[in-house]
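Hi,

Here is the structure I said I would pass along.

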Amino acid sequence: QVQLVESGGGLVQPGGSLRLSCVLSGSTLEDFAIAWFRQAPGKEREGVVSIDSVSGLATYVNPVSGRFTVSRDNTKSAVYLQMNSLKTEDTAVYYCAASHISSYRGNYPFQLALYAYWGQGTQVTVSS
């Protein structure tokens with residue numbers, strides 16, 4: 001069975017940086033597109049960034065574009081989210097999710113239904 005585990009969350013001051021990790025087990029990472037979502041208290045879950053499996057193409061939402069960078073290391077079955085210039089509005093629980101490449105739709109990658117597997121989430125708090 002496929003499992004995803006996030007780590008790296010914590011408390012950081014505005015303007016600071018944080019790197020999140022997502023490790024997949026139970027299958028091979030190269031068979032999945034991976035996305036990061038986040039959910040703030042009282043808010044709906046929203047997409048942050050997705051990265052294709054074969055092409056490596058990444059798609060960022062406007063609020064994080066230029067500040068966040070996603071990467072993947074298939075040898076370690078890991079996906080990383082480097083977050084720089086953090087803002088208080090980035091505070092949320094961050095989740096990684098995996099979509100089978102046969103199901104993934106890269107032209108609109110933030111449909112929740114595309115993702116069959118989800119991690120437990122990691123808390124990111126940006127506060128002064």
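Below is what turned up in the side chains, going from the core to the rings and then the cysteines. Keep in mind that this is a predicted model.

Let's start with the core. The largest nonpolar core has 36 residues, and the members that touch the most others are Trp 36, Phe 68, Leu 81, Met 83 and Tyr 94. Several strands give two or more residues to this core, among them strand 3 (18-25), strand 7 (68-73), strand 8 (78-83) and strand 9 (92-100). Strand 4 provides the largest share, six residues. As general background, nonpolar side chains in soluble globular proteins tend to be buried together.

Now the aromatics. The count comes to five aromatic pairs. In one of them, the rings of Phe 37 and Tyr 115 have centres 5.4 Å apart and planes at 80°; anything over 60 counts as edge-to-face, so this pair does. Phe 37 belongs to strand 4 while Tyr 115 is in the loop between strand 9 and strand 10 (117-118), so the pair ties together parts 78 residues apart in sequence. Both partners are buried: Phe 37 has 1% relative accessibility, and Tyr 115 has a relative accessible area of 5%.

Tyr 115 also pairs with Trp 118, again edge-to-face, with centres 6.2 Å apart and planes at 70°. Trp 118 is partly exposed, at 28% relative accessible area. Ring pairs link Phe 37, Phe 110, Tyr 115 and Trp 118 into a cluster.

Last, the cysteines. How many disulfides are there? The count comes to one: Cys 22 and Cys 96, with sulfur atoms 2.1 Å apart. The torsion about the S-S bond is about 70°, so the disulfide is right-handed. Since Cys 22 is in strand 3 and Cys 96 in strand 9, the bond ties together parts 74 residues apart in sequence. Cys 22 is buried at 2% relative accessibility, and Cys 96 is buried at 0%.

Cheers

Definitions and conventions. Residues numbered from 1 in each chain as written. Heavy atoms only, no water. Core = buried A, V, L, I, M, F, W, Y, C linked by side-chain atoms within 4.5 Å. Buried < 20%, exposed > 50% of the residue type's maximum accessible area, 1.4 Å probe, protein only. Helix = DSSP H or I, 4+ residues; strand = E, 2+ residues; numbered from the N terminus. Phe/Tyr/Trp six-rings, centres within 6.5 Å; stacked < 30°, edge-to-face > 60°. Disulfide = S-S within 2.5 Å.
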